[in-house]
Amino acid sequence: MDDLQHGTRNKRGDWAPKRALQISPLFTFPPNPIKILKWLPGYLLPWNVLFMVSAVVFWHYLMPDLATMQHLAWGWVLRILALNMAAIFVFYGVFELRLFIQRRQGTHFKYNAKFPDDTKSDVFLFKKQSLDSLVWCFAFGVPIWTGYQVGVFWVFANGYVPWVSFSDNLWYLLALGFALPIWHELHFFCVHRLIHTPFLYKWVHSVHHNSVNPSPFSSLAMHPVEHILYFSSVLLHLIIPSNPILALYQMHFAGFGAMVGHIGFDKVEVGQGGFDTHAYSHYLHHKHFEVNYGDGLMPLDKLFGTWHDGTAQAEAQMEARFKRRVARMNRT
Ligand SMILES: [Zn+2]
Ligand SMILES: [Zn+2]
């Protein structure tokens, strides 16, 4: 596949899509149903549907039964931890192996022409981005993600929160399932803005931003405080009427879905075709630090003047914003 039909490559070899990033049409006024219908397949495929399916499969075939989860015990907690470790390792690892280790599509559709592990850096443990990322991900990220799952399922199993069933409230739960990525976006945007404040950035979020050129294993390379904040989106299900499968979908969306923004390629080639990754918005955040705190599912970055759609015009606006800030700081 010729990636230059879909984008451009600069002198350094970095590839960028020709098409500007679009904010979802969900919140435009007046609503435009045609636009929303055209946008819908990209919203659902491939990732959202994949995480819905994974939640259903995990819940029915891999998670311990409810009676077991009523009582906290090491056996089932460690079983979920082992399951999550294996699932994250396989899901992230498939993309890391194919795109960054085997380099099966070279730099086709790759935003940054360099491969992170080709350059050693002192900011990383063992001087390698991938090894550093594995430590943060598996020593802190997956155990904290599992901790939330254990807590939420224990609460559901004991009936401490209302449990709405699919047989009685199908439409409510389907609508809630559809809206959960929007909740994730709102929650992520707020948490993300918070950890970009100077103190929290220095002590917490800078760990994640060490990966300027991310790869799949960078996804959960975060300080544990960031993991705690990031995965707390699932607590919504203890406040509103919900169902544990939707809580699990929320957690898979956050855990597996963290990979989406860090894949480093705009398209994954499969045979003669391929699929879009939707990674560019968050890639620009890693590249420029102070743009795209969200992913454009809600117009929050637009509202706060931090949206970067990948065009030269957006780049110029960002540069002007940075210059104004420096001038302000120099005056004080
Ligand atoms: Zn990131
Ligand atoms: Zn950030």
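Predicted model: local features only at pLDDT ≥ 70, side-chain atom pairs only at ≥ 80, totals over all residues.

User: How do you know that the bond from Leu45 to Pro46 is cis?

Analyst: From omega, which is near -5 degrees there. Phe29 and Pro30 are also joined by a cis peptide bond, with omega about -5 degrees. Pro30 belongs to the loop between strand 2 (15-17) and helix 1 (33-44). These bonds get a mention because most peptide bonds are trans.

User: What makes Arg103 worth a comment on phi?

Analyst: Its phi is near 55 degrees, a positive value, and Arg103 isn't a glycine. Most residues other than glycine have a negative phi. You'll find Arg103 in the loop between helix 4 (74-101) and helix 5.

User: How do you know that the length of helix 5 agrees with its number of residues?

Analyst: Helix 5 covers residues 129-157, which is 29 residues, so at 1.5 Å a residue it should span 42 Å. The C-alpha atoms at its ends are 40 Å apart, and that agrees.

User: Where is helix 5 kinked, and by how much?

Analyst: The kink is centred on Cys137 and comes to about 40 degrees. After helix 5 comes Gly159, with a positive phi near 70 degrees.

User: Why are helix 2 and helix 9 called oblique?

Analyst: Helix 2 (residues 47-62) and helix 9 (residues 244-255) pack at an angle of about 125 degrees, their axes 8 Å apart. Roughly perpendicular stops at 115 and roughly antiparallel needs over 145, so an angle in the gap counts as oblique. Helix 2 and helix 9 are therefore oblique to each other. The contact includes Phe51, Phe58 and Trp59 of helix 2 and Leu248, Tyr249 and Phe253 of helix 9. The crossing of helix 2 past helix 9 is right-handed.

User: What makes helix 6 roughly parallel to helix 9?

Analyst: Here the packing angle is about 30 degrees, with the axes of helix 6 (residues 170-195) and helix 9 lying 10 Å apart. The cut-off for roughly parallel is under 35 degrees, so helix 6 counts as roughly parallel to helix 9. Among the contact residues are Leu173, Gly177 and Leu180 from helix 6, along with Leu246, Tyr249 and Phe253 from helix 9. Helix 6 also passes helix 9 in a right-handed crossing.

User: Why do strand 3 and strand 4 count as paired?

Analyst: Pairing takes at least two bridges, and strand 3 (residues 267-270) and strand 4 (residues 273-276) have 4, in the antiparallel sense. So they count as a pair. Within it, Glu269 is bridged to Gly274, and Val268 has Phe275 as its bridge partner.

User: What lies between strand 3 and strand 4 in their hairpin?

Analyst: There are 2 residues between them, and Gly271 in the turn has a positive phi of about 60 degrees.

Methods: Residues numbered from 1 in each chain as written. Chains lettered and ligands numbered in written order. Expected span 1.5 Å × (residues − 1). Bend = angle between axes of the 7 residues up to and from the residue. Axes fitted to C-alpha atoms, helices over the stretch in contact; angles between N-to-C directions. Parallel < 35°, antiparallel > 145°, perpendicular 65-115°, else oblique. Left-handed = near helix turned anticlockwise from the far one by under 90°. Contact = placed C-beta atoms within 7 Å.
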